[in-house]
Amino acid sequence: MSNAFSALIWWVVPALGLIGALGYVTWVSKFQGKFQQETQRSVGQFQRFQDSLRDSQARDMADDLPDSIDPDAAPVTQKPSRISVIRPDAN
């Protein structure tokens, strides 16, 4: 390897590192806040969608209940029906 090429590498690598660092600092200072706000807005919209979906499902379930049911009434219990077993003759 020639001395000129080695010197070029020793200048190019740090220069690229410096440019990358400056680009990162610029992105953090100017653009990161914008992306975070958009993300928070999207998360908020999704949470509102989930809440509205949950509310509409609760309303649909409430609409499916018959009107004659009194929510304060005691639960009605039914006695189990008798099951008769027919056994074949053991003759």
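Student: In which helix is Ile 9 found?
Tutor: This is a predicted model, in which local features need pLDDT of at least 70 and side-chain atom pairs count only at pLDDT 80 or more, whereas totals for chains, interfaces and linings use all residues. Residues are numbered from 1 along each chain as its sequence is written, and side-chain values use heavy atoms, with hydrogens and water left out. Helices (H or I, at least four residues) and strands (E, at least two) are DSSP runs numbered from the N terminus, and the chain comes to 1 helix and 0 strands. Ile 9 is found in helix H1.

Student: Is Ile 9 buried, partly exposed or exposed?
Tutor: Buried means under 20% relative accessible area and exposed over 50%, with partly exposed in between (1.4 Å probe, protein chains only). Because its relative accessible area is 35%, Ile 9 is partly exposed.

Student: What is the accessible area of the nonpolar patch that includes Ile 9?
Tutor: Patches are made of residues with over 30% relative accessible area and no salt bridge, where like charges are joined within 9 Å and nonpolar side chains (Val, Leu, Ile, Met, Phe, Trp, Tyr) within 5 Å. Accessible areas come from the Shrake-Rupley method with a 1.4 Å probe, and for residues only the protein chains shown count as cover. Phe 5, Leu 8, Ile 9, Val 12, Val 13, Leu 16 and Ile 19 form this surface patch, and their accessible area together is about 650 Å².

Student: Which residue meets Asp 51 in a salt bridge?
Tutor: A salt bridge is a side-chain nitrogen of Lys or Arg within 4 Å of a carboxyl oxygen of Asp or Glu, and a search of the whole structure finds 1. Both partners lie in helix H1 (residues 3-64), 3 residues apart, about one turn of the helix. At 3.0 Å, N to O, the side chain that meets Asp 51 belongs to Arg 54.

Student: What fraction of the chain's residues is buried?
Tutor: The accessible surface of the chain comes to about 9300 Å², of which 60% belongs to carbon and sulfur atoms. Among the 91 residues in the chain, the buried share is 1%.
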